[in-house]
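I opened this model to look up its pocket first, then the overall fold. My notes follow in that order.

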Amino acid sequence: SKLWRKYYTARIDHIDGLWSNLEKEYESIQHNPCAEPLLRAYAVCDLGAVLRHRGHASRSLQVLESVPLPDGSLDSKLIHRFLELSDTYRELGKWNEAIASIDKAGLLFAEAGDFYNQIYTISRRRFHYLDWGIWKEGLQFHRTGLEALNKLPEHSSIKINFLGNLAIAWA
């Protein structure tokens, strides 16, 4: 449909860092009565991300908390909303809510059988603790992630993402 094409065009701009019209584009999809529920939910998730990245954390929080969830199971895009919500809570200094959002994402990824995103969620939690200077918990989540990584194929990209630029230091 034309609305899906409009959405994917906006997503390409989003990925390319062309932010000037994204808020307007996502809002137009959000408020379009012809938008199917899944498309509307995707647009609202991305609108929340744009608002946060543009320095409007409070408004982002309102938008992300209001994402209309369509009937049926959540897909990884809608579950990732909780990770965006976690980053927004962090920016607002709401640490407990930030961790709770990561935990919610991890639980939903587990229910969906999405092992890769479960590891990604472990990594996010690890970095939250390390960023806050809570080293013991950060390193514990690092060890948990390494154990999970051992269950994956040798050349998995999630291993590179988990270890990041510090792979040599973690070895």
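**Pocket, then fold**

I sorted the lining of the largest pocket by class and got five nonpolar, three polar and seven charged residues. Here Ala, Val, Leu, Ile, Met, Phe, Trp, Tyr, Cys and Pro count as nonpolar, Asp, Glu, Lys and Arg as charged, and the others, Gly among them, as polar.

The model is predicted: local features need pLDDT of at least 70, side-chain atom pairs need 80 or more, and totals for chains, interfaces and linings use all residues. I number residues from 1 along each chain as its sequence is written, and side-chain values use heavy atoms, without hydrogens and water.

I looked up which residues lie nearest the pocket centre: Asp46, Ala49, Lys77, His80 and Glu84, out of 15 lining residues. A pocket is an open set of points on a 1 Å grid over the protein atoms alone, where a 1.4 Å probe fits, with protein on both sides within 12 Å along at least five of seven lines; lining residues have an atom within 4 Å of a point.

I then asked where the lining comes from. Helix 5 (76-91) is among the helices that supply at least two residues each, as are helix 1 (2-15), helix 3 (37-53) and helix 7 (115-131). Helix 5 gives the largest share, six residues.

I checked the fold. The chain has ten helices and zero strands; helices are DSSP runs of H or I, at least four residues, and strands are runs of E, at least two.

Of 171 residues, 43% count as buried, meaning under 20% relative accessible area with a 1.4 Å probe, protein chains only. The C-alpha atoms fill a box of roughly 50 × 35 × 30 Å along the principal axes.

Terms used:
Buried < 20%, exposed > 50% of the residue type's maximum accessible area, 1.4 Å probe, protein only.
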